[in-house]
Amino acid sequence: MINRKVGIMGGSFNPIHQGHLVVANEVLNIYNFDEIIFVPAGIPPHKNGLKTNPWDRYIMTQIATVSNDRFTVSDIEVKRTGKSYTLETLMRLQEMYPDTEFYFITGTDAIIDIPNWHEPEKLLSLCKFIAVSRPGIDKDIIEKKIKEIKDTLNGHIELMQVPMLQISSTDIRERIKKGVSAKYLLPETVEQYIIKNNLYR
Ligand code: ATP
Ligand code: MG
């Protein structure tokens, strides 16, 4: 019997930033989830040459989420050898928690890329997806793409507006490399972890 509702936030979290945290909190409140599980990717299939150690990304995600008791972090993908497929992760989580209804959360940039993911039709059949607004892509284009995905791959995708933050891990990594401040774009403790461990230099 289903008695819990949980959101899954997948990502490389390289590093985790305020955009991710705002999204998770908005979705948690609107859907009244019991929990949001952040799942840092091990070796993301679409990001060749991800240089940051998966465990550094996992630790930064832990640090960023300590103050919220409904945010948890799973090591399911960082522990896995070989590529991380969301499909496998979802199947594993459903097996581990049979009493839970899962929702997979993505930004709009990620949802329109779903057809390129591993076995997209099967993936979409496993749970409902929530696509949250992210700056950069026109709303009409998003709606058209989501309709296409629903028509061709039979997915259940709900579009949700959240306060838009033009923050990306790519921009943060570039700032740190150049020595430009990234203050307030990510939790201060995560920034301290990056400096202490000399990441992105
Ligand atoms: P990168 O620049 O390295 O790709 P990113 O900022 O896109 O990093 P990811 O770890 O790739 O972060 O994103 C994980 C998930 O969070 C994706 O579904 C992505 O769409 C979503 N996301 C990331 N940043 C935002 C944001 N600012 N607003 C809304 N969604 C976001
Ligand atoms: Mg990204």
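Predicted model: local features only at pLDDT ≥ 70, side-chain atom pairs only at ≥ 80, totals over all residues.
The chain contains eight helices and six strands. From the N terminus on, these elements follow the order β-α-β-α-β-α-β-α-α-β-α-β-α-α. The radius of gyration is 16 Å, close to the 17 Å given by the globule rule for 201 residues, so the chain is as compact as a globular protein of that length. The C-alpha trace spans about 45 × 40 × 35 Å along its principal axes. Of the 201 residues, 46% count as buried. The chain exposes about 10600 Å², of which carbon and sulfur atoms supply 50%. Among contacts between residues at least 6 apart in sequence, 76% join residues that are at least 24 apart.

The interior was examined next. In soluble globular proteins, nonpolar side chains tend to be buried together. In this model, the largest nonpolar core comprises 35 residues, and Val27, Ile36, Phe38 and Ile130 are those that touch the most other members. Two or more residues are given to this core by each of helix 1, strand 2 (35-40), helix 2 (54-65), strand 3 (71-73), strand 4 (100-107), strand 5 (128-132), helix 7 and helix 8. The most is given by helix 1, which supplies six residues. A second, separate core holds 24 residues, including Ile8, Ala110, Phe129 and Ile142.

The surroundings of two residues illustrate the packing in more detail. When residues up to four places away in sequence are not counted, Ile130 touches Val27, Tyr31, Phe33, Tyr103, Phe104, Ile105, Thr106, Glu158 and Met160. One of these, Thr106, is found in strand 4. Thr106 has a relative accessibility of 5%, and because the cut-off for a buried residue is under 20%, it counts as buried. Leaving aside neighbours within four places in sequence, Thr106 is in contact with Ile111, Trp117, Ile130, Ala131 and Val132.

Strand 2 is mostly covered, with six of its six residues buried. In a regular strand the side chains alternate between the two faces of the sheet. In strand 2, both faces are covered: Glu35, Ile37 and Val39 are buried on one side, and Ile36, Phe38 and Pro40 are buried on the other. Two residues of the latter side, Ile36 and Phe38, are also among the residues that touch the most other members of the largest core. Strand 2 pairs with strand 1 in the parallel sense, over six bridges. Within this part of the model, Gly11 stands opposite Pro40 of strand 2.

Helix 7 (residues 169-178) presents a contrast between its two sides. Ser169, Ile172 and Ile176 of this helix are buried. Viewed down the axis of helix 7, the buried residues fall within an arc of 60°, so they line one face of the helix. An α-helix has 3.6 residues a turn, so residues three or four places apart point the same way. The cover over the buried residues of helix 7 includes helix 1 (18-31) and helix 8 (188-196). On the other side of helix 7, Lys177 and Lys178 are exposed. Just after this helix, Gly179 adopts a positive phi of about 80°.

The loop between strand 1 (4-11) and helix 1 contains Pro15, and the peptide bond leading from Asn14 to Pro15 is cis, with omega near 0°. Phe13 is found in the loop between strand 1 and helix 1 as well. Although Phe13 is not a glycine, it has a positive phi of about 50°. Phe13 is buried, with a relative accessible area of 1%. A positive phi also occurs at Asn198, a residue other than glycine, where the value is near 55°. Asn198 is found in the segment after helix 8. In contrast to Phe13, which is buried, Asn198 is exposed, with a relative accessible area of 54%.

Notes: Residues numbered from 1 in each chain as written. Chains lettered and ligands numbered in written order. Heavy atoms only, no water. Buried < 20%, exposed > 50% of the residue type's maximum accessible area, 1.4 Å probe, protein only. Helix = DSSP H or I, 4+ residues; strand = E, 2+ residues; numbered from the N terminus. Arc of directions from axis to C-beta. Contact = heavy atoms within 4.5 Å. Core = buried A, V, L, I, M, F, W, Y, C linked by side-chain atoms within 4.5 Å. Rg over C-alpha atoms; globule rule 2.2 N^0.38 Å. Areas by Shrake-Rupley, 256 points an atom, 1.4 Å probe, with all protein chains shown as cover. Pairing = 2+ DSSP bridges.
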